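Here are my notes on the charged pairs. Please read them with the model open.

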Amino acid sequence: MSRMLLTLGMSALLAGCHRTTFEDSVLQKKDVKYRVGPLSNDVWQRASFDDNDLAFVERGDTGRVIATNATCKDHDDPALNVLTKHLLMGFTERQDLGQRTFTLDGREALRSRYVAKLDGVPVSLELVVLKKDNCVFDFSYVSPVGQADARMADFEGLFSGFHAERLR
């Protein structure tokens with residue numbers, strides 16, 4: 001009898017756990033499910049970085065990283081430029097190289113380009129932010145200065161394939 005109660009108790013606990021899955025370019029977590037464009041496994045390797053749903057590093061230790069994240073709680077309703085500034089936290093000597101708005105998954109998105117330093121090392125940053133269905137989505141591409149263009153198409157393919165749906 002106690003073994004059955006333990007099994008039922010563990011099942012109930014596990015059913016209450018929310019996990020993040022990523023399969024066939026679709027990420028699903030507690031509040032949201034979203035698709036991104038595919039990245040070549042021959043070029044990019046999945047990695048784990050704090051505060052990101054997905055992160056990929058280019059194979060061969062090139063210093064290039066692509067990451068994306070969705071936040072569906074505790075973000076108020078900041079403007080896209082404010083969301084971009086949040087992504088720049090931790091970077092110093094930031095130089096704004098331009099911003100433009102465009103439509104992504106039916107919503108206005110802001111794309112920004114910066115050169116900045118991270119721990120004293122100069123990097124190029126390409127950032128995309130948008131809001132949809134009470135969630136904030138961000139996409140980041142970090143590369144060594146002067147080397148961003150080599151994999152920019154990969155980054156653009158990732159966010160161009162974006163489609164989100166809010167889970168209730």
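1. Which side chain meets aspartate 31 in a salt bridge? It is that of lysine 73, at 4.0 Å from N to O. Keep in mind that this is a predicted model.

2. Look at where the two partners sit. Aspartate 31 is in the loop between β2 (26-28) and β3 (32-35), and lysine 73 is in the loop between β6 (65-71) and α2 (80-87), so the pair ties together parts 42 residues apart in sequence. Aspartate 31 is buried, at 17% relative accessible area. Lysine 73 is partly exposed, at 43%.

3. Next, arginine 151 and glutamate 58. Their side chains form a salt bridge of 2.7 Å, N to O. This pair links distant parts of the chain, 93 residues apart. Arginine 151 belongs to the loop between β10 (135-144) and α3 (152-160), while glutamate 58 belongs to strand β5 (residues 54-58). Glutamate 58 is buried, with 8% relative accessibility. Arginine 151 is partly exposed, with 26%.

4. Aspartate 105 and lysine 132 make a further salt bridge, with 2.8 Å between the closest N and O atoms. Aspartate 105 lies in the loop between β7 (92-104) and β8 (107-118), and lysine 132 lies in strand β9 (residues 121-132), so the pair ties together parts 27 residues apart in sequence. Lysine 132 is buried, at 10% relative accessible area.

5. For the overall tally, the structure holds 12 salt bridges.

How values were computed: Residues are numbered from 1 along each chain as its sequence is written. This is a predicted model: local features need pLDDT of at least 70, side-chain atom pairs count only at pLDDT 80 or more; totals for chains, interfaces and linings use all residues. Side-chain values use heavy atoms; hydrogens and water are left out. Helices (H or I, at least four residues) and strands (E, at least two) are DSSP runs, numbered from the N terminus. Buried means under 20% relative accessible area, exposed over 50%, partly exposed in between (1.4 Å probe, protein chains only).
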